[in-house]
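Try each task yourself before you read the solution.

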Amino acid sequence: MSIVRAKKHLGQHFLTDKNIASKIVEALRPQSGYKQVLEVGPGMGILSDFLLQKTDYETYLIDIDTESYEFLAKKYPQLGSRLINADFLELDFAATFNGPLAVIGNFPYNISSQILFKILDNRHQVPEVVGMFQKEVAERCNAKAGSKEYGILSVFLQAYYKVEYLFTVKAGVFNPPPKVLSAVIRMTRNEVQELGCDEKLFWQVVKAGFNQRRKTLRNALSSLINKEKLTDEPMLELRAERLTVNDFVALTNRITETR
């Protein structure tokens, strides 16, 4: 078979190491309650080869790259409609999948944050995610309050998922090699169905706090709070990076009460 050309504008760096591909697939835990797995950006199918050997779940592949789609259609004719030529960011999860599914992939680095926010939007249907990211992004996903990596992505993901940093991957196992280190993380849906606060306001508070992360929250959130009624709120004297998810929930409730 011919090979697929990696396209810079799609952020493609094809994994070439089968041992690492196997490790990524083995990090899935279908015993947690899903029977469907969606691989994003399969390229030439190095992860797909291992996924399709599994019998405890049904594998779907989605790739926006027509060249990859045509390559994979010849390689895996048995997939039929489970091979999707579309943009993952535009995918209608509820219409495509009946029930919960895991998401896996060597994700394109240029849209990795958008992929994570898409998963967050569909969190009630996605109990698990295993994926390769730029190491810096993986560290942000897993960062704890107080660290310099901790930010908007950390808070939003950890509000709904347990995030585990699994292992680091060197550049030499990709074609073409990226200019950065990579890492694999696993995200497992936690028990939180609702945050217990105004979730729209929660997102606004987190974003505003980190968009001006050098300022105290009293100043960073000036457009969202009633300063006169929150003179005694100690969390407002801190910077956003000091607050845990639960702190942000509590602060959101305090802001709601005083509006």
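**Exercise 1. At what angle do α8 and helix α10 (residues 245-257) pack, and how far apart are their axes?**

Some ground rules before the solution: this is a predicted model, where local features need pLDDT of at least 70, side-chain atom pairs count only at pLDDT 80 or more, and totals for chains, interfaces and linings use all residues. Residues are numbered from 1 along each chain as its sequence is written, and side-chain values use heavy atoms, with hydrogens and water left out.

Step 1. The angle is about 110°, with the axes 9 Å apart. That makes α8 roughly perpendicular to α10. Helices here are DSSP runs (H or I, at least four residues), strands are runs of E (at least two), and both are numbered from the N terminus. Axes are lines fitted to C-alpha atoms, for helices over the stretch in contact, and angles run from 0 to 180 degrees between N-to-C directions. Under 35 degrees counts as roughly parallel, over 145 as roughly antiparallel, 65 to 115 as roughly perpendicular and the rest as oblique.

Step 2. Now the contact (heavy atoms within 4.5 Å). From α8 come Leu201, Phe202, Val205, Val206 and Phe210, and they meet Val245, Phe248, Val249, Leu251, Thr252, Ile255 and Thr256 in α10. By class, that is 10 nonpolar, two polar and no charged residues. Ala, Val, Leu, Ile, Met, Phe, Trp, Tyr, Cys and Pro count as nonpolar, Asp, Glu, Lys and Arg as charged, and the others, Gly among them, as polar.

**Exercise 2. Describe the largest pocket and the second largest pocket.**

Step 1. A pocket is an open set of points on a 1 Å grid over the protein atoms alone, where a 1.4 Å probe fits, with protein on both sides within 12 Å along at least five of seven lines; lining residues have an atom within 4 Å of a point. A volume is the space filled by probe spheres set on the points.

Step 2. The largest pocket comes out at about 540 Å³. It has 35 lining residues, with Gln12, Gly41, Gly43, Asp63 and Pro108 nearest its centre. α2 gives the most to this lining, with three residues.

Step 3. The second largest pocket has about 270 Å³. Its lining has 14 residues, and Lys8, Gly11, His13, Pro178 and Lys179 lie nearest the centre.

**Exercise 3. Which peptide bond is cis?**

Step 1. Look at the bond from asparagine 175 to proline 176: omega is near -5°.
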